[in-house]
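Hi there,

Here is the structure I promised to pass on to you. Please have a look at it first, and then read my notes below.

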Amino acid sequence: MKLYKTIKWLWLTFGVCIFYSANVWSMALNDSGTLNLNGKLETRNTVRIEDSDNNRWPQAEAGDMVQQRNTLQLELDHDLGEIGDSKILIKYHLVGRAWYDGIFDYGPSVWQDARETSPAVKEGIDDYKWDVALREGYMDFSKGPGFLRIGRQNLAWGETDAKRLLDGINPLDGTTPFLKLDDRRIPLWMLRGSYNLGNHGFLSSLNIESFVSPCFGNNDDKVGPATPVGSPYSFAENEPSSELLAGSGIPLNSYRDTPSSDLKDARWGFRLGGILGDNLGFTLAHYKSYQDNALPVLKRNDKRTFVNSSNQAAYASVISGSTDAAVVGATATALAGGSPAGLSPLQTAQLNAIGGMSIFPESFSQEMVYNDIQVTGGSINYWVEPLDFVLRSEVAYFHDEAFFTEDDNLNMILDEENLVSTLSEDGQLPTSDVIRFAVGMDKMFWIRALNPNVRFTLIAQYFGAYIRDYDDDFCLPLTNPDTLVYDSVKRYEQAMTLNLQTTYRSGTVKPELSIQYDPRGNWAIQPSCELEKQMWRFKLEATIGTANSMTGTGAARDRDEIAFTVSYLLR
């Protein structure tokens with residue numbers, strides 16, 4: 001039945017795509033061709049091919065559709081040419097995008113039911129399931145060796161794919177984790193300029209570049225959208241109640257601590273690049289940005305314990321495990337700081353063990369902190385002529401990167417006298433400098449038996465990260481389903497990626513295979529094939545993984561899926 005529903009909705013959206021795209025075409029809006037409109041109409045249908053782990057909420061099953069996203073994107077380019085006698089060339093670029101994900105309205109019942117869990121969950125999902133926005137919008141000014149771009153834009157530095165070192169300027173969209181980095185970057189309002197210094201001795205094409213990006217807009221524009229509880233890619237462990245954050249006993253009044261629009265919180269950076277000798281490209285860069293993932297920190301509003309709360313009896317009933325009025329009353333007395341007379345040793349032990357539920361909802365707040373970070377580094381790319389491959393390398397020094405430990409971030413202690421959990425002081429973010437590096441190789445070669453006409457392209461990369469001020473308590477704020485504890489972060493972490501691709505039929509058929517590996521035993525394999533036929537593009541891709549830890553791709557250990565995308569290109 002689930003498979004039937006999946007096929008039904010896939011063909012329905014495919015038909016809608018055909019209907020709407022049949023009357024849309026790309027066009028030049030003036031005779032000279034300097035004003036052009038193009039875009040795409042696309043539907044992406046994704047089906048989960050394995051059941052969720054037991055500690056996930058909601059519980060998706062194999063065959064459930066987890067994404068049915070329909071997108072309309074329009075791009076307008078206008079080259080205004082030279083303005084007057086200024087010798088300044090001006091052009092502008094606009095990208096508007098509207099999309100809607102229908103799984104919460106007509107998809108599997110698991111997502112519709114999750115949306116109705118509470119007003120807070122419903123609000124989060126309704127904000128997530130559709131959007132209409134100006135994605136990019138900027139103007140370019142160029143004169144001689146100078147260039148200036150003003151507006152909403154993306155900026156990618158560095159030489160790596162899959163993982164970010166120097167390419168950490170724009171925030172990422174974490175709500176669709178299996179897309180490529182180019183599709184996940186969130187454009188920022190930015191002033192960016194560059195100047196070509198030309199050739200100087202053994203240095204050629206020397207170029208300096210700088211940018212500043214005030215944190216304008218809402219939180220999603222500043223740090224990227226958060227994955228809402230109840231959506232297919234959230235990491236909630238239990239169904240949230242109206243009073244408590246899912247599975248933690250911490251009050252629901254958590255919020256995102258994002259940068260302000262003051263210039264002190266702005267992103268900024270500068271870069272020097274060029275070519276050394278005949279074919280050694282290099283970059284030296286420094287920038288300030290924000291970490292992609294927020295970390296939880298508990299803040300104390302006051303140090304009151306559980307007294308005069310309207311929810312006192314409800315909490316006492318849960319803790320005591322009894323509906324007897326005398327037991328509930330005695331438990332409530334203990335929660336308020338009084339003597340726990342009348343409680344059995346077992347009930348007292350329960351109270352002691354889960355005293356965290358006695359916290360006032362208004363006494364504590366949980367901040368999800370996006371730590372600001374500065375990064376210094378460089379990259380090179382070099383064509384090794386005797387072996388006919390491109391060598392790429394990148395190193396970056398991350399200053400004061402934030403980490404997570406239960407003691408530092410949460411700072412919860414047990415008040416032995418009153419048998420309630422209290423917060424002795426505000427939680428803190430532990431930090432350490434981190435050195436990251438990557439070495440990559442791009443190699444083209446023949447496999448005549450598989451493709452006699454076009455060579456294969458292999459992109460292989462190795463990533464390493466060394467934490468200078470390492471703490472044995474550093475861990476990931478995600479519970480491992482196998483061990484039910486947080487996975488530790490190692491002083492030296494590493495990962496490897498591989499991408500293999502070629503084309504057939506004059507470039508209209510594009511198979512590709514991507515693999516990511518973490519030596520802890522985490523694998524993620526993504527095979528795909530794309531077919532382009534005139535204005536149509538069809539793509540079938542899968543994501544399959546195994547994991548022993550929650551590091552790297554391990555967080556998506558139970559998210560194996562297959563996606564089918566149909567696009568009509570407006571060009």
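**Salt bridges**

Arg559 forms a salt bridge with Asp558, and their closest N and O atoms are 3.0 Å apart. (A salt bridge here is a side-chain nitrogen of Lys or Arg within 4 Å of a carboxyl oxygen of Asp or Glu.) Both Arg559 and Asp558 are buried, where buried means under 20% relative accessible area, exposed means over 50%, and partly exposed lies in between, using a 1.4 Å probe and protein chains only.

Before going further, please note that this is a predicted model: local features need pLDDT of at least 70 and side-chain atom pairs count only at pLDDT 80 or more, while totals for chains, interfaces and linings use all residues. Residues are numbered from 1 along each chain as its sequence is written, and side-chain values use heavy atoms, with hydrogens and water left out.

Asp558 has another salt-bridge partner in Arg56, at 2.9 Å from N to O. Asp558 sits in the loop between strand E25 (536-546) and strand E26 (561-570), and Arg56 in the loop between strand E2 (35-48) and strand E3 (65-82), so this pair ties together parts that are 502 residues apart in sequence. (Strands, marked E, are DSSP runs of at least two residues, numbered from the N terminus.) Arg56 is buried, as is Asp558.

Glu401 and Arg436 also meet through their side chains in a salt bridge, at 2.6 Å from N to O. Since Glu401 belongs to strand E15 (residues 389-402) and Arg436 to strand E18 (residues 431-445), the pair ties together parts that are 35 residues apart in sequence. Glu401 counts as buried because its relative accessibility is 9%, whereas Arg436, with a relative accessible area of 21%, is partly exposed. Salt bridges with shared partners also join Asp105, Arg115, Glu116, Asp126 and Lys129 into one network. In total, the count comes to 28 salt bridges.

**Strand E11 and its neighbours**

How many residues of strand E11 are buried? Nine of the 11 (the strand covers residues 280-290), so E11 is largely enclosed by the rest of the structure. E11 runs antiparallel to strand E10 (residues 267-276), and nine bridges join the two; strands pair if DSSP finds at least two bridges between them. Leu280 in E11 is the bridge partner of Leu276. E10 and E11 form a hairpin with three residues between them, and Gly277 in the turn has a positive phi of about 70 degrees. E11 also pairs with strand E14 (residues 372-384) in the antiparallel sense, over 11 bridges. There, Leu280 stands opposite Tyr382.

**Backbone details**

The peptide bond from Trp57 to Pro58 is cis, with omega near -5 degrees, and Pro58 is found in the loop between E2 and E3. Asp400 has a positive phi, near 55 degrees, although Asp400 is a residue other than glycine. Asp400 lies in strand E15 and is partly exposed at 44% relative accessibility. Arg505, also not a glycine, has a positive phi of about 50 degrees. Arg505 is in the loop between strand E22 (492-501) and strand E23 (509-518), and is exposed, with a relative accessible area of 67%.

Best wishes

Note on methods:
Helices (H or I, at least four residues) and strands (E, at least two) are DSSP runs, numbered from the N terminus.
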